[in-house]
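Me: I'd like a quick walk through this fold. Can we start with the strand pairing and then look at some side chains?

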Amino acid sequence: MIRAATADDLEAINDIYNHYVGDSHVTFDDEPMTMEGRREWFAHYSDGGRHRVVVAIEDGRLIGYAASSRLRTKPGYVTSVETSVYVAPDEVGKGAGSRLYDALFKSLEGEDVHRAYAGIALPNPESIGLHEKFGFKRVAHFTEQGRKFGRYWDVDWFEKPLDGAPEPI
């Protein structure tokens, strides 16, 4: 089941995310997110509009989440979102990421969103494959953009056109 996230989901969301903070280069956070930080993060989302969080529930357990977040704070970026998806480590490769993105993008239909972006720290062929499956195209390659675990990581940025935003006048 995929549904909108609620405050009751935040502990499980945080557990999944913090796994990747400690064990992976896919996020450049290097300290686990606190529950206070997670609640502050969640305050930026709603059940409507551009910025949403959806969760995947299987057998009563939250196994992943996807979000569409503000790309940048300047007003000109308002119709662009940054998307991300995180799946519990024991659920990777079982289709939860695809189900989450499918639900997230369907929820954004008709919203004032023109483009979705995703930054992927390399290597990450699974994430690249997921994003390409959903129509993202690589638009930029940054060398040594982030540092974690004592080394630098390249990052590819991907872009997906969305049909929600009206054309400029």
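Me: What is the bridge partner of Ala 56 in S3?
Reply: Gly 64 is the bridge partner of Ala 56 in S3. Strands (E, at least two residues) and helices (H or I, at least four) are DSSP runs, numbered from the N terminus.

Me: Before going on, what are the ground rules?
Reply: This is a predicted model, where local features need pLDDT of at least 70, side-chain atom pairs count only at pLDDT 80 or more, and totals for chains, interfaces and linings use all residues. Residues are numbered from 1 along each chain as its sequence is written, and side-chain values use heavy atoms, with hydrogens and water left out.

Me: Back to the strands. In which sense do S2 and S3 pair, and over how many bridges?
Reply: Antiparallel, over seven bridges. S2 covers residues 52–58 and S3 covers 61–70. Two strands pair if DSSP finds at least two bridges between them.

Me: What is the strand order in the sheet?
Reply: S1-S2-S3-S4-S5-S7-S6, an open sheet of seven strands with mixed pairing.

Me: Which strands stand at the edges?
Reply: S1 (2–4) and S6 (137–148). Each has a single partner strand, so one side of each is left without a neighbour in the sheet. From one strand to the next, the twist averages 25°.

Me: Helices now. Which strands does H1 lie across?
Reply: H1 (residues 10–23) lies across S2, S3, S4 (80–87) and S6. Its direction is at about 80° to S3. Axes are lines fitted to C-alpha atoms, for helices over the stretch in contact, and angles run from 0 to 180 degrees between N-to-C directions.

Me: And where does H3 pack?
Reply: On the sheet. H3 (residues 96–108) touches S1, S2, S3, S4, S5 (115–121) and S7 (151–161), and makes about 155° with S4.

Me: What does Ser 98 touch?
Reply: Leu 130, Lys 133 and Phe 134, not counting residues up to four places away in sequence. Contact means heavy atoms within 4.5 Å.

Me: Which side chain has a polar contact with that of Ser 98?
Reply: Lys 133, at 2.8 Å. A polar contact is a pair of N or O atoms within 3.5 Å; within protein, one must be able to donate a hydrogen and the other to accept it, and residues adjacent in sequence count only if both atoms are side-chain atoms.

Me: Last one. What does the side chain of Asn 14 reach?
Reply: The backbone oxygen of Met 33, at 2.8 Å. Asn 14 sits in H1 and is buried at 3% relative accessibility.

Technical notes:
Buried < 20%, exposed > 50% of the residue type's maximum accessible area, 1.4 Å probe, protein only.
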